[in-house]
Amino acid sequence: MGRAFVYVILGGGVAAGYAALEFTKKGVSNGELCIISEESVAPYERPALSKGFLLPEAPARLPAFHTCVGANEERLTPKWYKEHGIELILGTRVKSADIRRKTLLTAAGETISYKFLIIATGARALKLEEFGVSGSDAENVCYLRDLADATRLADVMQTSTGGNAVVIGGGYIGMEVAASLVINKINVSMVFPEPHCMGRLFTPKIASYYEEFYKSKGVNFVKGTVLSSFVFDPEGKVTGVDLKDGSSLPADLVVVGIGIRPNTGLFEGQLTLEKGGIKVNSLLQTSNSSVYAVGDVASFPVKIFGESRRLEHVDAARKSARHAVAAIMEPDTTPEFDYLPFFYSRVFSFSWQFYGDNLGEVIYFGDFSGTSFGAYWVHKGHLVGSFLEGGSKEEYEAIARVTRLKPAIDDLSELERQGLGFVVGLSQKLSMAPVTNVGGSMSTVTVVLKKPVYPWHATAGVVVAASIAAFAYWYGRRRRRW
Ligand SMILES: Cc1cc2nc3c(=O)[nH]c(=O)nc-3n(C[C@H](O)[C@H](O)[C@H](O)COP(=O)(O)OP(=O)(O)OC[C@H]3O[C@@H](n4cnc5c(N)ncnc54)[C@H](O)[C@@H]3O)c2cc1C
């Protein structure tokens, strides 16, 4: 039993949805493309699961957040796929892949062959069992990676109002879920081994701002320790957790967000791996020329850093997916993928964005006792990263635009003095003039606009425009539900 397609997308998450839309824009024919996904629903905006999906009132539910609404584009419902002649093979796990024969074998025993394969298998949540703790299959212990997890978490939350939740992990998932639990009137303790939340991105000063707010909402931070075991009642339900530091916490609900592992298993030994993901070149092509990899599973060259990275963020999934499709459909005209890393989060009424890299010296700006503040990272004399909380559309646009250009900074105290005004001013100048050379240092910042147009300027403009579109969408929805 088998079917053959020209293009197969393996995985039905964020990247798959954006790739499908791009295929239709580039002119895929009826019956040429299929998406195979273990999930039983069409691709959706995964970030909604830890935000609007968990709200106590009028929570977001499908079909409202199918891709590609997160980038202010069409919402691809199952009907859309049908109308565009794209086969959705849902609820179907691929259990093996044969790169040499260009075939995939599903758990149901079907062989699906392809001419081009896009691997978009994303990642899975790390389980406590992988760290030697057993019992995380109890009914009130939740992970959060897919719709099934989110549905279960929402159900358990409903029965835990007024009770106690323990959140294991202080990263994205931990912070966003903790906020949702508070909104659902559940008492929250957050347990993580690092000295502060969001340890991979935040500085202690930035983390402290958010932690203080969480504390004002009653969140109890238990840092510098990890879970050692669960306490169960006779029915097998978790009633508490014991921590390595010897303390214990009561629990009606436990949420575990301790990181992810890319789903590379099907391709180990067949494709080159790197940094825990599938290695691709600057056209998202793997070590096999018929196979591309995108999203969380791909390790790709980040030109602006001069090295490969594997990013676990939705913007990278969307853009790498689109780029891979362009590279497949228009191989002669598709340029290298030149991506500026972009992360964001929204918790309570906060909304922050980060662009670039968090490397080097940190320069803070804004009012850390108010609602808008940020930081720049300066490495080897260049601004390489920018963080902004509570910015306006124009300010977010400015930090994205200027960070991409890595302007030279020779006076850190002047950067600190100008604060957000530095990127806003520079961005305005870029908008006003046909500029290409932003080699300006802080001391020459007013004369950074020097030479006539070169092609890279156009590229920067496109990237900035895309970021703005994404921001505009999320900002618009922020006051709504997800
Ligand atoms: C709850 C949550 C909140 C998030 N919030 C944010 C945020 O605020 N900002 C941000 O930047 N990022 C956020 N992210 C990260 C973002 O969602 C991911 O970076 C993005 O989903 C990656 O897209 P992807 O397509 O690579 O992988 P995924 O979206 O994970 O999709 C992978 C798909 O592949 C399928 N699959 C895997 N293996 C197989 C197989 N063998 N056979 C068939 N199907 C298979 C899976 O079932 C899944 O459908 C969040 C993630 C989660 C889980």
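This is a predicted model: local features need pLDDT of at least 70, side-chain atom pairs count only at pLDDT 80 or more; totals for chains, interfaces and linings use all residues.
Strand β20 (residues 277-279) runs parallel to β22, and two bridges pair them.

Strand β22 covers residues 298-302, and five of the five are buried. The strand is therefore largely enclosed by the rest of the structure. It also pairs with β23 (residues 307-309), this time in the antiparallel sense, over three bridges. Here Pro-301 faces Ser-308 in β23. β22 and β23 make a hairpin, with four residues between the two strands. Gly-306 sits in that turn and has a positive phi of about 70°.

Now follow the chain back to the loop between β20 and β21 (291-293), where Leu-284 is found. Its phi is also positive, about 65°, although Leu-284 is not a glycine. Most residues other than glycine have a negative phi. Is Leu-284 buried or exposed? Leu-284 has 29 other C-beta atoms within 10 Å, so it counts as buried. Lys-185 is another residue to look at. It lies in the loop between α4 and β12 (187-192). Lys-185 has 13 C-beta neighbours inside 10 Å, so it counts as partly exposed.

Peptide bonds come next. Most peptide bonds are trans. Leu-62 and Pro-63, however, are joined by a cis bond, with omega about 15°. Pro-63 is placed in the loop between β3 (33-36) and α2 (78-83). The bond from Thr-67 to Cys-68 is cis as well, with omega near 15°. Cys-68 also has its place in the loop between β3 and α2.

Turn to an open sheet of four strands. In what order do the strands of this sheet stand? The order is β1-β7-β6-β5, and the pairing is mixed. β1 (2-4) and β5 (94-98) stand at the edges. Each has a single partner strand, so one side of each is left without a neighbour in the sheet. From one strand to the next, the twist averages 20°. Inside the sheet, β6 (residues 103-106) and β7 (residues 111-113) are antiparallel and share three bridges. Leu-104 has Ile-112 in β7 as its bridge partner.

Finish with a pair of helices. Helix α7 (residues 393-405) packs with helix α9 (residues 420-432) at an angle of about 80°. Their axes are 8 Å apart. An angle from 65 to 115 degrees counts as roughly perpendicular, and α7 and α9 are therefore roughly perpendicular to each other. On the α7 side, the contact involves Glu-395, Glu-397, Ala-398, Ile-399, Arg-401 and Val-402. On the α9 side, Leu-420, Val-423, Val-424, Leu-426, Ser-427 and Leu-430 meet them. By class, the residues of this contact are eight nonpolar, one polar and three charged.

Key. Residues are numbered from 1 along each chain as its sequence is written. Two strands pair if DSSP finds at least two bridges between them. Axes are lines fitted to C-alpha atoms, for helices over the stretch in contact, and angles run from 0 to 180 degrees between N-to-C directions. Angles under 35 degrees count as roughly parallel, over 145 as roughly antiparallel, 65 to 115 as roughly perpendicular and the rest as oblique. Two residues are in contact if their C-beta atoms, placed from the backbone, lie within 7 Å. Ala, Val, Leu, Ile, Met, Phe, Trp, Tyr, Cys and Pro count as nonpolar, Asp, Glu, Lys and Arg as charged, and the others, Gly among them, as polar. A residue is buried if 20 or more other C-beta atoms lie within 10 Å of its own, exposed if 12 or fewer, and partly exposed in between; C-beta atoms are placed from the backbone.
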